Amino acid sequence: IWSNPLQKLIQNYAVAHSNIKPSGDVRELRRLTEEQCPDNYGIWSDADVSQFLVFLMRLLKPELVVEVGTFTGVGAMTMAEELPQNGKLFTLEFNEKFAEVGRGTIEGSPHGSKVHYMYGPAKDSLAQLMADGFENRIDMCFIDADKEGYPGYYEQCLQLVRPGGIVVFDNAMARNTLINPKKEPGKSLHEINEKALTEERATSILLNIGTGCLILKKHEE
């Protein structure tokens, strides 16, 4: 479905008709990614997903955000620009080499002090955030990482977000999810999509943005 020319035309039209545009720092991060990670640069979030993230940030007005999957920092920079000056973005990345590609650009920007890097397995970093007292305090979690880890991140992030907070899973219908949900990564993606259907702790919606965005809003207490 995502290689369908009509789908791509629709996506490009939607992106062109949003007045949310990438900043100079975000464009620089994309340039660095293409230059230094030529075999991987396409794994950042699609343009419409980035626009949607900005829109969500402006609706929610979060102060504490967790990103699972830094890659080179395009998403981190996009979200950090929307945080207040006292806001914090904890960005989690297993491969430190990728994160270092954009770290200098992020830390040299006016928003660099908001971004806090955590390296290593994401499940360990999320557990550390809970141990540090962030359970039920995070305003928003954005997950764009190893798809096989999504079921575990689902539980950890729902514990971290505050009542009324949101969890966003990127690529929720990526690759073979619809064709073969019994094989990874489709198996794990299908698992969280099915789980969200009967989730009693949150309201969920699966949107046809990028290669699918699953969004959960934790119920107010």
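Reader: How many salt bridges does a search of the whole structure find?
Author: The search finds 12. A salt bridge here is a side-chain nitrogen of Lys or Arg within 4 Å of a carboxyl oxygen of Asp or Glu. The model is predicted: local features need pLDDT of at least 70, side-chain atom pairs count only at pLDDT 80 or more, and totals for chains, interfaces and linings use all residues. Residues are numbered from 1 along each chain as its sequence is written, and side-chain values use heavy atoms, with hydrogens and water left out.

Reader: What does R201 form a salt bridge with?
Author: With E155; the closest N and O atoms are 3.0 Å apart. R201 lies in the loop between helix 8 (186–197) and strand 6, and E155 in helix 7 (residues 150–160), so the pair ties together parts 46 residues apart in sequence. Helices (H or I, at least four residues) and strands (E, at least two) are DSSP runs, numbered from the N terminus.

Reader: Which residues are linked with them in a network?
Author: Salt bridges link E155, K195, E199 and R201.

Reader: Switching topic. Is strand 7 largely enclosed or open?
Author: Largely enclosed by the rest of the structure, because five of its six residues (213–218) are buried. Buried means under 20% relative accessible area, exposed over 50%, partly exposed in between (1.4 Å probe, protein chains only).

Reader: Which strands pair with strand 7?
Author: Strand 5 (residues 161–170) pairs with strand 7 in the antiparallel sense over five bridges. Strand 6 (residues 202–207) also runs antiparallel to strand 7, joined by six bridges. Pairing takes at least two DSSP bridges between two strands.
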